[in-house]
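Please walk me through this structure, from the whole chain down to single side chains. Keep it brisk.

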Amino acid sequence: MAILLATPSSLSSSSSSLSLSFLNLKSLQSISSFRTSSSSSSSSSLFAINNFTPKCSIFYTSPIPIRGFGSKTSLLEVGRGNYGSYKSREISTKSSGTQTGGTSSITQTVFGLVHLIVSLGLILAMDKFLKQAFVAASIKFPSALFGMFCIFSVLIILDSTVPSAAKALMNFFEPAFLFIQRWLPLFYVPSLVVLPLSVKDIPAASGIKISLIVVGGWLATLCVAGFTAIAVRKAVNTQLVDAEPMGKPSPFSTIEVWAWTAVLIVSFVVALFYPTALGTSARTCLPFLLAATVLGYIVGSGLPSNVKKVFHPIICCALSADITAYAFAYLSKSGLEPILGYYLTKVSSNPGAGDILMGFLGSVILSFAFSMFKQRKLVKRHAAEIFTSVIISTVFSLYSTALVGRLIGLEPSLTVSILPRCITVALALSIVSLFEGANPSLTAAVVVVTGLVGANFVQGALDKLSFRDPIARGIATASSAHGLGTAALSAKEPEALPFCAIAYALNGIFGSILCSIPVVRQSLLAIIG
C-alpha cells in the first residue's frame, strides 16, 4: 500500500497518467518529494512539496496510472505497476537498516546488562548492609524482612505523593526482580546438595518420623489454608477482579548452556591438576560445582511436563551437583564428604558454590516488597481472604509441627529444627536461630523437601479437594509449599500466580513475626517438651 501527496499545480491537464514515486509507509515520514513524468515524454522533473527540495528519495520508474479526486486533489489513488526496480532499492535499504538494527540491538543488550548489574547489585548491597547492622546491634529479627518493610513503605509513600517516582523506582528494579524470579528455585538447592552431610547423624527412626511430619503436615496445612480461604470468600462475597500482569523471565538460551558447560569443563580440569589454584580448595572447586548446579537446573527446566512431575528441576539440579562432586572426589581421591564441605562452607571469607547461591536468599525477601506493591490493589480488595487464611495456616503449621513431634516421640532438637517447614528458607533459618539447639542444615533441607512435595503433588491435591477458586488455590499452595510450590502451580495456572506470590511473602513475614515474640517461642517449646 502506498500514499502519495501532490499539489494541484504539479498535475498536467494534458496527461492522464504519470510516473510517480512509490513509497513504503515506513519511509513516508522521511521522504518529502517524488518524481513525475509525462507518459508522452521521456523527460522528467523533480518538484518540491511546500518549497522543499529533497536530498534523498526512493523511487521506481515504471509508469503508474493515477486518478485525482476533485479540482484540488492532494490524495491520489495509485494503480498497480512493475515493482522490480523498487524491490532492488528496497533490498538495499533493508540491508542498511539491518546493520543499524544490529548495532542498536547490541547497544540495548549492553545497556540491559548494565541495568541488571546495577539494580541487582543495589539489592544485594542493601541486604549485606542490613545483615551487618543487625549483627552489630545484636538484633535477632530478620534483617531482610526489615528491609522489605522499608522498601514497601517507600513505594507506598511515593505512590501517594509522587506516583511517577514510584513507577520509575519499580521500573528501575524490574530487571533484578525478574532475575530473582528466574533463578529462584536455584537458591534452595544447596541444602539438597549437602543433604548427605545434614542427615548422617540422624537415626533412621527419626528420619522416618520427620518424613511423616513433612508429608502429612504439608497436606494438613494445604487443607487448612484452602478451606479457610473458601469460607472467608463465601462470607465476604467479594468479586474476583483481574490482577496486575506480572512479568515473566526469559527462557534459557543455547548460549547459556554452552557457556556454563565450558566453565564446568575448564574449571574441573584446572581444579583436578591445581587443587589450590584460586587460593583454597573451596574457591578452586567453586566454579565447576556452581556450573554443574546451574546446568542441572537449566536441563531440568527443559524436561517435558510429565517428566517434571516426578523429576523436578530442583532434583535434577541437586543430582547434577552431587554427581559432579562424586566424579571429582573419585578422580582426585579426596573423598565425597570434603568436596560437599567445599560446596557449602558457611564461611564468608572462603565461600563455596552453595554459599554464593544462598547469598541471594536475602534479596528474595527484599523482592517481596516489589511483588506486594505491584499487587497492592488486589491485596486491598481481598485482604480478608488473604490475611485470615495466611495467619491461620501459619499458626497451624508451627503449632501442629510442635504437637505432632511430641506425640510421635521425635527428639526436641529435631522438632525445633523442622518447626518452620512451610516457610521460605531465608526466613526459616532466621526463625530457628531464635531457638537453642536447632540444626540449621536440617531446617533448610526440610524446607526444600516440603517445597518439592508441594511442587510435585499440589495441583492434583487441589483438584481432589475441589478447590476451584484461584484465590484458594494460590493461598493454599504458597502457605503449604512456599516458593517451590508457588513456581510449580503458577507455571500451569497463571491466574493463581498473584495470590501465590502474595501468600508466599506474607507466610514468611507472619511466621517470622510470631516467632520473634518471646511468649510464642516459650509456648512452642512447652509443647515440644
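Of the 529 residues in the chain, 45% are buried. The model is a predicted one. Its accessible surface comes to about 25900 Å². Carbon and sulfur atoms hold 65% of that area.

The secondary structure consists of 21 helices and five strands.

Serine 480 sits in helix 19, which spans residues 470-492. Is serine 480 buried or exposed? Its relative accessibility is 0%, so serine 480 counts as buried; the cut-off for that class is under 20%. What lies around serine 480? Neighbours within four places in sequence aside, serine 480 is in contact with Trp218, Thr221, Leu222, Cys422 and Thr450. The side chain of serine 480 also has a polar atom 2.8 Å from the backbone oxygen of alanine 476.

Which residues make the nonpolar patch of about 620 Å²? They are Ile265, Val266, Val269, Val270, Phe273 and Tyr274. Helix 7 covers 254-273, and helix 8 covers 281-301. Tyrosine 274 lies in the loop between these two helices. Its relative accessibility is 56%. Exposed means over 50%, so tyrosine 274 counts as exposed.

The two positions make a plain contrast. Serine 480 is buried at 0% relative accessibility, whereas tyrosine 274 is exposed at 56%. Serine 480 belongs to a helix, while tyrosine 274 belongs to a loop.

Technical notes: Residues numbered from 1 in each chain as written. Predicted model: local features only at pLDDT ≥ 70, side-chain atom pairs only at ≥ 80, totals over all residues. Heavy atoms only, no water. Helix = DSSP H or I, 4+ residues; strand = E, 2+ residues; numbered from the N terminus. Buried < 20%, exposed > 50% of the residue type's maximum accessible area, 1.4 Å probe, protein only. Areas by Shrake-Rupley, 256 points an atom, 1.4 Å probe, with all protein chains shown as cover. Polar contact = N/O pair within 3.5 Å; in protein donor to acceptor, adjacent residues only side chain to side chain. Contact = heavy atoms within 4.5 Å. Patch = residues over 30% accessible without salt bridge, like charges linked within 9 Å, V, L, I, M, F, W, Y side chains within 5 Å. Salt bridge = Lys/Arg side-chain N within 4 Å of Asp/Glu carboxyl O.
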